[in-house]
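Morning, everyone. Have the viewer open.

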Amino acid sequence: MNIATLKVHGDAEGLADIRDGLPTEPDHTWTKGDPRPDGRVRIDSGFYLGVATHQDPDVLLRQIRSYLAECSARGIHFERSDVAAELRIAISHTDGETVVPSLDFELADLRLLVDMGISLSIATQ
């Protein structure tokens with residue numbers, strides 16, 4: 001399954017402003033000082049938010065576009081000094097597949113990410 005997740009972290013007040021306008025609730029939250037899975041301590045607060053899941057990368061990309069367009073329409077942006085946002089996309093590749101899945105971002109997609117202040121991370125599994 002291909003998955004897109006938004007990781008947002010930073011100052012608690014800035015995060016609260018953003019969370020209030022989101023179309024969906026975060027899947028996981030943490031606060032500054034909480035222990036991380038690796039045993040270290042979190043230096044800021046944040047949350048993970050599931051944006052899209054689908055086996056077909058083209059459908060996944062359409063779901064991402066739709067979600068980010070909804071956020072943009074609600075006036076949500078992350079290019080603030082007190083928060084950082086990263087769109088994390090994990091693409092699955094099944095052994096034996098002859099075609100490697102791909103995501104074809106349009107310039108408008110990349111511009112929206114830049115305008116909203118979201119960095120992009122893509123990984124294959």
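Two strands count as paired if DSSP finds at least two bridges between them. Hold on to that cut-off. β1 and β4 clear it with eight bridges, and they pair antiparallel. One caution before we go on: this is a predicted model.

Now the whole sheet. It is open, with five strands in the order β2-β3-β1-β4-β5, and its pairing is mixed. β2, residues 28–30, and β5 are the edge strands, each pairing on one side only. From one strand to the next, the twist averages 20°.

Let's go through the pairings.

Start with β1 and β3. They run antiparallel, joined by nine bridges. Find Leu-6; its bridge partner in β3 is Leu-49. Next to that pair, look at Lys-7, whose partner in β3 is Tyr-48.

Ile-3 stands opposite Ala-90 in β4. Ala-4 has Ile-89 as its bridge partner in β4.

Then β4 with β5. These two pair in the parallel sense, over seven bridges. Ala-90 turns up again here: its bridge partner in β5 is Ala-123.

How covered are these strands? Seven of the nine residues of β1 are buried, so β1 is largely enclosed by the rest of the structure. β4 is mostly covered as well, with seven of its nine residues buried.

α2 spans residues 57–73. That is 17 residues, reaching 24 Å from first C-alpha to last, close to the 24 Å expected at 1.5 Å a residue. At the N-terminal end of α2, Asp-56 is the cap: one of its side-chain oxygens lies 2.9 Å from the backbone nitrogen of Asp-58. Just after the helix, Gly-75 takes a positive phi of about 80°.

Which residues of α2 are buried? Pro-57, Val-59, Leu-60, Leu-61, Ile-64, Tyr-67, Leu-68 and Cys-71. Check the spacing in that list against a general rule. An α-helix has 3.6 residues a turn, so residues three or four places apart point the same way. And what covers the buried residues of α2? The cover includes strands β1, β3, β4 and β5, along with helix α3, residues 107–116.

In soluble globular proteins, nonpolar side chains tend to be buried together. Here the largest nonpolar core has 27 residues, and Leu-6, Ile-64, Phe-78, Leu-87 and Ile-118 touch the most other members. β1, α1, β3, α2, β4 and α3 each supply at least two residues of this core. The largest share, six residues, comes from α2.

Last stop: Ile-118. What does Ile-118 touch, leaving out residues up to four places away in sequence? Leu-6, Leu-68, Phe-78, Ala-85, Glu-86, Leu-87 and Leu-113. Leu-6, Phe-78 and Leu-87 in that set are also among the core residues that touch the most other members.

That's the tour. Questions, please.

Conventions: Residues numbered from 1 in each chain as written. Predicted model: local features only at pLDDT ≥ 70, side-chain atom pairs only at ≥ 80, totals over all residues. Heavy atoms only, no water. Helix = DSSP H or I, 4+ residues; strand = E, 2+ residues; numbered from the N terminus. Expected span 1.5 Å × (residues − 1). Buried < 20%, exposed > 50% of the residue type's maximum accessible area, 1.4 Å probe, protein only. Contact = heavy atoms within 4.5 Å. Polar contact = N/O pair within 3.5 Å; in protein donor to acceptor, adjacent residues only side chain to side chain. Axes fitted to C-alpha atoms, helices over the stretch in contact; angles between N-to-C directions. Core = buried A, V, L, I, M, F, W, Y, C linked by side-chain atoms within 4.5 Å.
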